[in-house]
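Subject: Structure handover

Hello,

Please find the structure below, with the sequence alongside. My notes on what was found in it follow.

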Amino acid sequence: AGEATPAKLQVAVEKGGESALVINEIVPSNKNIKKDPQGDYDDWIEIHNTSDAEVKLDGYHLSDNSENLQKWAFPDGLTIAGGGFLLVWADEDGKDNGEEDGGLHANFKLSKDGEKLILSDGSGAPVDIVEFGSIGTDESWARKPASPQDWEEQLPSPGTANR
């Protein structure tokens, strides 16, 4: 009796409902949608600030490993405007180029076959966790705009509201 393959799912955990930041969209197999500042088609993760106020990312981390929630740190001093979006390239570069110079590059890649992605706050507590199954090339796993607790596979919309 083999185990069934898990369906695509999303689980959100917010520390006391305090975090305005959420993982909004994931593209684990980007071949033709958007190039990073270096001209490469890399996987990407979009973070969205759901509040009207600017949020500072000091101490925030992204990880694809539940045992290491501080795998990649956002650079100190980085902010997301109220209602804004921020792309992080999941290409194993791990560079802190700053958003304006060469983009943000995490030190891990995403699996198009599915995995878990965790956004943690400055205290190290997870504020959003997304677990996804297999996603097609040039497709995204994204929050539904009308129902943000629900997710669906859709055409990517990097840096803007989901479709």
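Predicted model: local features only at pLDDT ≥ 70, side-chain atom pairs only at ≥ 80, totals over all residues.

Ser29 has a relative accessibility of 4%; the cut-off for buried is under 20%, so Ser29 counts as buried. Leaving aside residues up to four places away in sequence, Ser29 touches Asp43, Lys112, Gly136, Thr137 and Asp138. With Thr137 there is also a polar contact between the two side chains, at 3.2 Å.

Now the chain as a whole. It has 163 residues, of which 45% are buried. One helix and twelve strands are present, and from the N terminus the order of elements is β-β-β-β-β-β-β-α-β-β-β-β-β. Taking the contacts between residues at least 6 apart in sequence, 58% join residues at least 24 apart. The accessible surface is about 7900 Å², and carbon and sulfur atoms account for 43% of that.

Next, the sheet. Six strands make up an open sheet with mixed pairing, and their order across it is β8-β7-β2-β1-β11-β12. The edges are β8 (104-106) and β12 (147-154); each has a single partner strand, so one side of each has no neighbour in the sheet. From one strand to the next, the twist averages 30°. Ala90 is placed opposite Ala106 of β8.

Last, confidence. The mean pLDDT of the chain is 87, with 85% of residues at 70 or more. Where is confidence lowest, and where is it highest? Helix α1 (residues 98-101) has the lowest, at a mean of 54, and strand β4 (residues 61-63) the highest, at 97.

Two stretches should be kept in mind when you look at the start of the chain. Over residues 1-7 pLDDT stays under 50, and the model has zero contacts there beyond four places in sequence. Over residues 9-16 pLDDT also stays under 50, but for this stretch the model has 27 contacts beyond four places in sequence.

Regards

Methods: Residues numbered from 1 in each chain as written. Heavy atoms only, no water. Pairing = 2+ DSSP bridges. Helix = DSSP H or I, 4+ residues; strand = E, 2+ residues; numbered from the N terminus. Axes fitted to C-alpha atoms, helices over the stretch in contact; angles between N-to-C directions. pLDDT = per-residue confidence, 0-100. Contact = heavy atoms within 4.5 Å. Buried < 20%, exposed > 50% of the residue type's maximum accessible area, 1.4 Å probe, protein only. Areas by Shrake-Rupley, 256 points an atom, 1.4 Å probe, with all protein chains shown as cover. Polar contact = N/O pair within 3.5 Å; in protein donor to acceptor, adjacent residues only side chain to side chain.
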